[in-house]
Amino acid sequence: SHVERLRGLSRDMPAKTGVYRWLDEAGNVLYVGKAKNLRSRTSHYLAPALIQSSPRHRKLLASARMLDSVLTPGGEADALALEARLIQRERPALNILLKDAPKPESARIVLTSKNGVGQIFVAKFQDEAQSEASRGARVWTLPTREAANRMMG
(Lines give C-alpha, C1' and ligand atoms only; values in the text may rest on other atoms or scores of the structure.)
Protein backbone atom coordinates (compact mmCIF):
# COMPACT_ATOMS: atom_id res chain seq x y z
CA SER A 1 0.00 0.00 0.00
CA HIS A 2 1.06 3.62 -0.36
CA VAL A 3 1.33 3.95 3.45
CA GLU A 4 3.91 1.13 3.51
CA ARG A 5 5.85 2.95 0.79
CA LEU A 6 5.74 6.15 2.88
CA ARG A 7 6.99 4.18 5.91
CA GLY A 8 9.98 3.09 3.81
CA LEU A 9 10.68 6.68 2.77
CA SER A 10 10.43 7.77 6.40
CA ARG A 11 12.86 5.05 7.54
CA ASP A 12 15.32 6.37 4.93
CA MET A 13 15.16 9.92 6.29
CA PRO A 14 18.28 11.12 8.11
CA ALA A 15 18.11 11.46 11.89
CA LYS A 16 19.09 15.12 11.50
CA THR A 17 17.52 18.57 11.69
CA GLY A 18 15.63 19.86 8.68
CA VAL A 19 12.36 20.45 6.89
CA TYR A 20 10.12 17.75 5.43
CA ARG A 21 7.35 17.92 2.83
CA TRP A 22 4.45 15.54 2.20
CA LEU A 23 3.48 15.53 -1.50
CA ASP A 24 0.53 14.14 -3.45
CA GLU A 25 0.74 12.03 -6.61
CA ALA A 26 1.08 15.10 -8.85
CA GLY A 27 3.92 16.51 -6.71
CA ASN A 28 1.78 19.17 -5.02
CA VAL A 29 2.87 20.02 -1.49
CA LEU A 30 0.30 18.93 1.08
CA TYR A 31 2.17 19.79 4.27
CA VAL A 32 5.50 21.29 5.32
CA GLY A 33 7.04 20.72 8.75
CA LYS A 34 10.34 21.00 10.60
CA ALA A 35 12.05 18.53 12.90
CA LYS A 36 15.15 18.06 15.02
CA ASN A 37 15.11 14.42 13.89
CA LEU A 38 13.49 14.00 10.45
CA ARG A 39 13.28 10.20 10.65
CA SER A 40 11.58 10.20 14.05
CA ARG A 41 9.17 13.03 13.22
CA THR A 42 7.99 11.67 9.87
CA SER A 43 7.65 8.14 11.34
CA HIS A 44 5.34 9.58 13.98
CA TYR A 45 2.81 10.53 11.27
CA LEU A 46 2.68 6.90 10.17
CA ALA A 47 2.03 5.33 13.57
CA PRO A 48 -1.16 3.22 13.37
CA ALA A 49 -2.55 4.70 16.60
CA LEU A 50 -2.19 8.26 15.29
CA ILE A 51 -3.71 7.40 11.92
CA GLN A 52 -6.66 5.84 13.72
CA SER A 53 -7.21 8.69 16.20
CA SER A 54 -6.52 11.79 14.08
CA PRO A 55 -8.79 12.82 11.18
CA ARG A 56 -6.21 15.45 10.16
CA HIS A 57 -3.46 12.83 9.81
CA ARG A 58 -5.81 10.44 7.99
CA LYS A 59 -6.59 13.22 5.51
CA LEU A 60 -2.88 13.85 4.95
CA LEU A 61 -2.03 10.18 4.48
CA ALA A 62 -5.00 9.56 2.18
CA SER A 63 -3.44 11.94 -0.37
CA ALA A 64 0.30 11.68 0.38
CA ARG A 65 2.36 9.62 -2.04
CA MET A 66 5.82 11.11 -1.56
CA LEU A 67 7.96 12.48 1.24
CA ASP A 68 11.09 14.58 0.88
CA SER A 69 13.36 16.64 3.08
CA VAL A 70 16.00 19.36 3.19
CA LEU A 71 18.70 19.27 5.86
CA THR A 72 19.42 22.54 7.66
CA PRO A 73 23.04 22.49 8.88
CA GLY A 74 22.34 25.75 10.77
CA GLY A 75 20.06 23.82 13.13
CA GLU A 76 16.57 24.55 14.39
CA ALA A 77 16.62 28.27 13.64
CA ASP A 78 17.39 27.60 9.97
CA ALA A 79 14.72 24.88 9.87
CA LEU A 80 12.12 27.27 11.29
CA ALA A 81 13.02 29.97 8.76
CA LEU A 82 12.99 27.53 5.84
CA GLU A 83 9.68 26.03 6.95
CA ALA A 84 8.08 29.49 7.08
CA ARG A 85 9.44 30.42 3.62
CA LEU A 86 8.21 27.16 2.07
CA ILE A 87 4.75 27.55 3.60
CA GLN A 88 4.49 31.12 2.33
CA ARG A 89 5.64 30.05 -1.16
CA GLU A 90 3.83 26.70 -1.52
CA ARG A 91 0.72 27.50 0.56
CA PRO A 92 0.02 23.85 1.42
CA ALA A 93 -3.63 23.17 2.22
CA LEU A 94 -2.87 21.33 5.45
CA ASN A 95 -0.57 23.97 7.01
CA ILE A 96 -3.16 26.04 8.80
CA LEU A 97 -1.02 28.03 11.22
CA LEU A 98 1.76 29.68 9.22
CA LYS A 99 0.32 30.08 5.73
CA ASP A 100 -1.79 33.13 6.75
CA ALA A 101 0.73 34.55 9.19
CA PRO A 102 2.07 37.99 8.34
CA LYS A 103 5.61 38.13 7.03
CA PRO A 104 8.09 38.94 9.82
CA GLU A 105 8.92 42.27 8.21
CA SER A 106 5.30 43.46 8.39
CA ALA A 107 2.50 43.77 10.93
CA ARG A 108 -1.29 43.97 10.61
CA ILE A 109 -2.57 46.84 12.71
CA VAL A 110 -6.26 46.77 13.63
CA LEU A 111 -8.13 49.82 14.92
CA THR A 112 -11.56 49.04 16.27
CA SER A 113 -14.16 50.53 18.58
CA LYS A 114 -16.02 48.48 21.16
CA ASN A 115 -18.61 50.10 23.39
CA GLY A 116 -17.39 53.51 22.24
CA VAL A 117 -13.81 52.81 23.33
CA GLY A 118 -11.12 52.73 20.64
CA GLN A 119 -8.76 49.76 20.66
CA ILE A 120 -5.65 49.09 18.62
CA PHE A 121 -3.85 45.75 18.34
CA VAL A 122 -1.60 43.73 16.06
CA ALA A 123 -3.43 40.84 14.39
CA LYS A 124 -1.39 37.64 14.31
CA PHE A 125 -3.22 36.03 11.39
CA GLN A 126 -4.91 37.23 8.21
CA ASP A 127 -8.28 35.70 9.18
CA GLU A 128 -8.22 37.57 12.52
CA ALA A 129 -7.71 40.88 10.69
CA GLN A 130 -10.40 40.02 8.12
CA SER A 131 -12.84 39.09 10.86
CA GLU A 132 -12.33 42.46 12.55
CA ALA A 133 -12.58 44.28 9.20
CA SER A 134 -15.95 42.61 8.53
CA ARG A 135 -17.18 44.21 11.78
CA GLY A 136 -16.10 47.66 10.62
CA ALA A 137 -12.54 47.85 11.96
CA ARG A 138 -9.80 49.58 9.97
CA VAL A 139 -6.90 47.25 9.07
CA TRP A 140 -3.46 48.16 7.74
CA THR A 141 -0.51 45.95 6.83
CA LEU A 142 2.58 48.03 7.40
CA PRO A 143 6.34 47.56 7.62
CA THR A 144 7.13 46.66 11.23
CA ARG A 145 9.07 49.86 11.97
CA GLU A 146 6.26 52.07 10.58
CA ALA A 147 3.67 50.06 12.53
CA ALA A 148 5.60 50.61 15.76
CA ASN A 149 5.91 54.34 15.02
CA ARG A 150 2.17 54.68 14.36
CA MET A 151 1.29 52.82 17.54
CA MET A 152 3.69 54.90 19.65
CA GLY A 153 3.15 58.25 17.96
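Reader: Among contacts between residues at least 6 apart in sequence, what share joins residues at least 24 apart?

Author: In this chain that share is 57%, where contact means heavy atoms within 4.5 Å. The model is a predicted one: local features need pLDDT of at least 70, side-chain atom pairs count only at pLDDT 80 or more, and totals for chains, interfaces and linings use all residues. Residues are numbered from 1 along each chain as its sequence is written, and side-chain values use heavy atoms, with hydrogens and water left out.

Reader: What reach does helix α5 have, and what is expected at 1.5 Å a residue?

Author: Helices are DSSP runs of H or I with at least four residues, and strands are runs of E with at least two, numbered from the N terminus. Helix α5 (residues 76–90) has 15 residues.

Reader: What makes a set of residues a nonpolar core, and which residues have the most contacts inside the largest one?

Author: Such a core is a set of buried Ala, Val, Leu, Ile, Met, Phe, Trp, Tyr and Cys residues joined through side-chain atoms within 4.5 Å. The largest has 17 residues, with Tyr20, Trp22, Tyr31 and Leu60 having the most contacts inside it. Strand β2 gives the most to this core, 3 residues. A second, separate core of 8 residues includes Ala79 and Ile87, both buried residues of α5.

Reader: Why is a space called a cavity, and how many of 30 Å³ or more are there?

Author: On a 1 Å grid over the protein atoms alone, a set of points is called a cavity because a 1.4 Å probe fits there but cannot get out. The count is 1, and the largest cavity holds about 50 Å³. Its lining, meaning residues with an atom within 4 Å of a point, is Tyr31, Tyr45, Arg56, His57, Leu60 and Leu94.

Definitions and conventions: Expected span 1.5 Å × (residues − 1). Buried < 20%, exposed > 50% of the residue type's maximum accessible area, 1.4 Å probe, protein only. 1 Å grid on protein atoms, 1.4 Å probe; cavity = no way out; pocket = protein on both sides within 12 Å on 5 of 7 lines; lining within 4 Å. Points joined across faces, edges and corners; volume = space filled by probe spheres on them.
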